[in-house]
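The following note comments on one region of the structure shown below. Please read the points alongside the coordinates.

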Amino acid sequence: MFDHIEFANPELLWLLLIIPILAIWHFFRLRKLSPAINISDSSPVLAVKPTIRQRLRHILPIFRLIAIGLLVVVLARPQSKLSGKSVHTEGIDIVMALDVSTSMLAEDFKPNRIEAAKKTASEFIKMRENDRIGLVIFSGESFTQCPITIDHDVLLNMFSSIKSGMIEDGTAIGMGLATAVNRLKDSKAKSKVVILLTDGVNNTGFVAPETAADIAKTYGVRVYTIGVGTRGMAPYPAKFKTWGGQVVTKYQNIEVNIDEDVLKSIASITDGKYFRATNNKSLEKIYSEIDEMEKTRIFDSYYNKYNEEFLPFALLAAGLLLLEILLRYTWLRVLP
């Protein structure tokens, strides 16, 4: 009950020293006022048992002393202290633009590029619990798979449904970036970021990558670009039909061709950074680096709230004083 009680005027508690002084004074006063009778034989007197009223005759000053002690506590102003911390976050709005062209099925990443990209992006999302994140996918065209949201469970569910070939094939980097920027242009966040991941060269679309980068800069969007693919050749699962109509998969090596100059230019125009991922481990490292560079700002504010707790002590003191007065002039009344 009193674990969190503090006193606004703790120096007044020294007044409690009055209590033992008053108790000693009352004891000596009582002895002085007690009449003395000299008798030859005290056995008849000792045989008389004291009544309940006689036994309780000292309870009145005890009530008064307790009441005085409680009044001292009231004057010291007992208070309960409630401490807490308010956490304010200044999140970042992020759109992840993911290439889903058929070349993302190449298996220089395990199990392939698109699944590796989905896995590392999902882990990144789980680390950004205070940020709003959206998802744009692109290949020959682009569209918003998930608008920016703080509901990361919904977003992760959207990620799980992504697969290569779900839209027209090709690599429209400019279109993918433009769609992502469009999702961020009205954002009120202090920091707006696009993470664009691709494994190819811009070969289609109505918006040039550099034009999309200029638009991103206009809206204060920073773009991190990631080129995905090993250096040299990569195994690609090509599907063929046999004479009997059966579809079989045969692996063939395809040349890895990433337009790094364009991706570097996009990053440079928007004050972002270009990364090259050649395997799963390097891709994970890239997302960790972006996570470190784009830290969400968290502000802590501490507060203390005090509640006055003198009322129970005051009511108890008043009750004891009233009870003492009532008993003194009624049942425990002393006649002259």
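The model is predicted, and the points below should be read accordingly.

1. Covering of H8. The buried residues of H8 are covered by elements that include helix H7 (173-184), strand E7 (221-228) and helix H9 (260-269).

2. Faces of H8. Within helix H8 (residues 209-218), the buried residues are Pro209, Ala212, Ala213 and Ala216. Because these buried residues fall within an arc of 105° when H8 is seen down its axis, they line one face of the helix. Lys217 and Thr218, on the other side of H8, are exposed.

3. End of H8. Gly220 follows H8 and has a positive phi, near 70°.

4. Thr270. Where is Thr270 placed? Thr270 lies in the loop between H9 and E10. Its relative accessibility is 5%; since buried means under 20%, Thr270 counts as buried. Apart from neighbours within four places in sequence, Thr270 is in contact with Ala213, Ala216 and Lys217, and also with Val221, Arg222 and Val223.

5. Strand E10. In strand E10 (residues 273-277), four of the five residues are buried, so the strand is largely enclosed by the rest of the structure.

6. Pairing of E7 and E10. Strands E7 and E10 run parallel and are joined by five bridges. In this pairing, Val228 stands opposite Ala277 of E10. Strand E7 is also one of the elements that cover the buried residues of H8.

Definitions and conventions: Residues numbered from 1 in each chain as written. Predicted model: local features only at pLDDT ≥ 70, side-chain atom pairs only at ≥ 80, totals over all residues. Heavy atoms only, no water. Buried < 20%, exposed > 50% of the residue type's maximum accessible area, 1.4 Å probe, protein only. Helix = DSSP H or I, 4+ residues; strand = E, 2+ residues; numbered from the N terminus. Arc of directions from axis to C-beta. Contact = heavy atoms within 4.5 Å. Pairing = 2+ DSSP bridges.
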